Each structure stands twice: as structure tokens, then as C-alpha cells.
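Please examine the ligand surroundings, the nonpolar cores and selected residues in turn.

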Amino acid sequence: MDRKAQVLDKLKGVIDPDLGKDIVTLGFVKDLNIDDTGNVSFNLELTTPACPVKDQFRASCEELLGELDWVGDVAVTMTAQQRKKPAQSGNGLSQVRHIIAVASCKGGVGKSTVAVNLAFTLSRMGAAVGIFDADVYGPSLPTLVNAPFHGLFQDGDSIIPVEHDGVKLMSFAYAAAPQGEGRPAIMRGPMVSQVINQLLTGTGWGELDYLILDMPPGTGDIQLTVAQLVPMSAAVIVTTPQQISFVDVVKGVEMFDQLKIPTIAVVENMSYFMCGNCDTRHEIFGRGARAKLINQYGFRNSFEIPVDAEISALGDNGTPIVTVAPDSDIATRYRELAEATVREISRIANSGDAKPEASYDPDGKISYRASDGTEARIDPAELRRRCRCAHCIDEMTGDQILQPEQVPDDTTPRQIGTLGNYAITIDWSDGHSSIYPYDALAFDADGDADGPVADGDRADLPERV
Ligand code: ADP
């Protein structure tokens, strides 16, 4: 084997944890050079400059190449893939790679605060970032980010975005009030989308890895129209524990689902309060909502942000907490959210896997095809008995409420659909609706018709009946 082949062979041992493939197969290794003395250099072209595992990649490359006795120095240069032009070029968004919606079902849950802190965290991770405040009813960007503002200026046909700490900003408030003092607007749906469209596409964003779109609160027609305006890569839903009704979160997921936009994370904001005196966590609004999200809906990424006087005081002051206290516990939580966002988007953009599918076959079985192509066939009544909703399983104790004998053997699905990137929904002939996270629909490798099995992570699934 020549030296180049030996190096590539070793580098095949470095696996991208999100894409599940090695860095050579993924085409990340570029410009490999080996000199006469055995010094090796190459570029590692990652999917995003904010890649959270870049240090891990570097260490693994160095370690594996160190196993070749002829290798001298190893120089790995981290680069990122070129930003590709999205569908609608020719406007201000033409060099924006990913648009991420931050949405909530209700106002005042901290959606804008999350949007701003997520944006500044992504920027600190090395990405080029912008924030578009599409909340025309209560534009808060000028309050949350204290950027110097002396009015909006044009460059050719485009509006120059306001900039603070490397992040580009645009808000309806900047356009509505020359001094940046936004007032809630009274507008009807078509006007809202027109104003947003003009401002969003009329802004010269330049090259951006991520544009965070702070959506108007709610899941009605206006929100749907805004979400249709631009090709979004993903959505993050913000909620609070006292409002964390599944119905609300699911409504949000469904809205984005209609447009084939996956919801990649749910943030439970103001989730608990850490008392400075007794150093105790107070679950002032109750707890368990996050676990329910994971167990019942299969959301891989859900995050808790506590009630914190500093978040609010700094926010009202125009200084996002992640910029002034980057090492704080709160900033760490935003970092986890940002890392999950980067990884999920990279996974969605680069994964060749098909979305899982379920269908009802003429022979009376439900066919399920997982994203890796594994297929299985399940008895409908058995799947109905495995429903994990609050009507079928006691949320507090985990005890089975629905008894197997209550489900007739001839139960059939009336409608089968998908929810977000995570779950299959089934409306049953007994009038009940169930949601099954993909994880809960994992099957035996031989793909027989035994139905779902609980794997290690899903040990909380009820015993088979
Ligand atoms: P929304 O965009 O959902 O209307 P905002 O982000 O404007 O909500 O937040 C509403 C208020 O709540 C603001 O005063 C903000 O500073 C405060 N806030 C947001 N998140 C937190 C938190 N985790 N702890 C304390 N205050 C918060």
C-alpha cells in the first residue's frame, strides 16, 4: 500500500458521530500532502465551521496517524464546506445556508431571548450568523441586543443589516421607528407576510451559515405564511413548563411538518429556579414535562433553561447573557442547544437516509420501514396496546391504564401519518390517536413481525402483552 493509501486507510477510523460514516467516505479529507520526511498535512472540510466535534476529529486523526511508524508531523487544517446558494438566489438570502425558525405557541415564553442567545452562541462557535426578528407584533431585538443604531442604510438595492459583536441583525422595529423603538403593529395576515418578506429578502445578509428567524408567537395562519416565505432548514420550539401542554408543542411541530420543516429541538424555558441561598433547584412549575416529551414524542433534543434574574436583567439591558457570562451554567445550556442544532442540521442536510414510513397492508398488518431500510410488520391491535399517551399509561406512576383485553383483536388504523422527524401518528378504529416515536418502533434485526422491542435506551417501554 502506498503512503497516501495508508494515511487514508487510517483516517477511515475517524467516524462522524452524527452522520455515522467515516471522514474519508464523507469526502471531508482534502488536499492531502505527504512530504519526503513523512510529514502529513491535509484539510478537513467540515459541514459547518461551528462543528462541535472538530477538536475530537483533530485528536483522532493525530492519534491514528501516529500509529504509522513513518509518519512525522501531522498538520490538520479545519475548513468548512462552501456555502451553497439556496433555491431563491438573487435576493438578500442568496448566500444564507440555513434558516432556523425559533417559534412558540404563546407570547412571553422567552422565545426571543432563546433566539438571541442561540444566535450569539453559534457565532462564538465560529459560524457566520444573523438574526431576523419576524415578531411584528412585539419586535424585541432592539431591546435584547443593544447595537448602535442610527437608522437603516441602503447598499445598492439591499438594506444593510445592523451588526453587533459579529452577528447581523434585522428587525421590523428598526424599519418602523428610526430610533429603533419598535411599537406593536396592527396588521392583518397578508400585510404581515408582505412586510416580513420585503425586509427579510431585502436585507443584504451576505454569507451566513445560520440565519435565526424569531417567529411571531402562535401557530395560526400568519405563522404558517411566514414559515412558507423562505426555505427553512429546521425549527426550534420554545415553551414554558406551565404551558407545556403537549397539544401546544405538537401543534407547533405539526405546523412545521405541513411544510416539511423538521422540529429539531424543544426548549423548556423558565423551567426551574435555582435558589442562591439554599443552592436547591425549585421546580416552581412542576416537573416531568421534558421526560414526557422524550418518552412520548421521541424528541432527542429537549433543553431546560432555568428562571434566572440575570437572563432577564441582561436581556433588558441589551447584552445577551452568553456574551457577558460565556462560562456560566446558563451559557453552557445554550451551548448544548446550539451544538444539538448544528448537529441535527448537519445530519438532515447530509444524511442520505430516507424518512421512516408506515403503512397499512391489505393483509391486515402494519408495515414499518426504518430510515436504514429495515422493515418489519406489526399486528395493529398489538401496536394499539402499546400506546404510551396519558390516557393509556399513568404519567406519574408509569402504570398501565389501558388493559390489553380492552383492545379488540380486530382494531385497525384509520389513518397513518408522521410527526416531525421523530414519530409516526396513528388514528385507530376505536377513535383513539397514538404517537409512536421512531425509537419505540425499533425492531429485531431479523425484521420479523414480532413488533417493537425495547432497546437499552427504551427500557421504560411496557412489557409486551
Ligand atoms: P417572547 O419572545 O416569547 O415574547 P421574550 O424573550 O421577549 O419572550 O421574554 C419575555 C421576558 O421574559 C423578557 O423580559 C425576558 O428577559 C424574560 N426571560 C426570558 N427568559 C427568561 C429566563 N430563563 N429567566 C428569566 N427571565 C427570562
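The points below are grouped by topic.

The structure is a predicted model, in which local features need pLDDT of at least 70 and side-chain atom pairs count only at pLDDT 80 or more, while totals for chains, interfaces and linings use all residues. Residues are numbered from 1 along each chain as its sequence is written, and side-chain values use heavy atoms, with hydrogens and water left out.

**Ligand surroundings**

- The ligand is surrounded by 14 residues, of which Gly108, Lys111, Ser112, Thr113 and Pro306 are the closest; a residue is included if one of its heavy atoms lies within 4 Å of the ligand.
- A backbone N or O atom of Val109 lies 3.0 Å from a ligand oxygen atom, and a polar backbone atom of Gly110 is 2.9 Å from an oxygen atom of the ligand.
- A polar backbone atom of Pro306 is 2.9 Å from a nitrogen atom of the ligand.
- On its own the ligand has 570 Å² of accessible area, and the protein covers 81% of this (Shrake-Rupley method, 1.4 Å probe).
- Helix H3 (111-124), strand E12 (263-274), strand E14 (302-307) and helix H10 (309-317) are the elements that give two or more residues to the shell; helices (H or I, at least four residues) and strands (E, at least two) are DSSP runs, numbered from the N terminus.

**Nonpolar cores**

- The largest nonpolar core has 77 residues, and Phe132, Leu213, Met215, Met232 and Phe256 touch the most other members.
- Helix H12 (residues 329-350) supplies the largest share of this core, eight residues.
- A second, separate core of 22 residues includes Leu19, Val29, Val40 and Cys61.
- A nonpolar core is a set of buried Ala, Val, Leu, Ile, Met, Phe, Trp, Tyr and Cys residues joined through side-chain atoms within 4.5 Å; buried means under 20% relative accessible area, exposed over 50% and partly exposed in between (1.4 Å probe, protein chains only).
- Leaving aside neighbours within four places in sequence, Met215 is in contact (heavy atoms within 4.5 Å) with residues including Lys111, Met232 and Phe256.

**Individual residues**

- Asp31, in strand E1 (residues 29-34), has a positive phi of about 50 degrees although it is not a glycine, and Asp31 counts as exposed at 60% relative accessibility.
- Asp165, in the loop between strand E8 (162-164) and strand E9 (167-171), has a positive phi of about 55 degrees although it is not a glycine; Asp165 counts as partly exposed at 45% relative accessibility.
- Arg58 is found in helix H2 (residues 54-65) and is partly exposed, with a relative accessible area of 30%.

How values were computed:
Polar contact = N/O pair within 3.5 Å; in protein donor to acceptor, adjacent residues only side chain to side chain.
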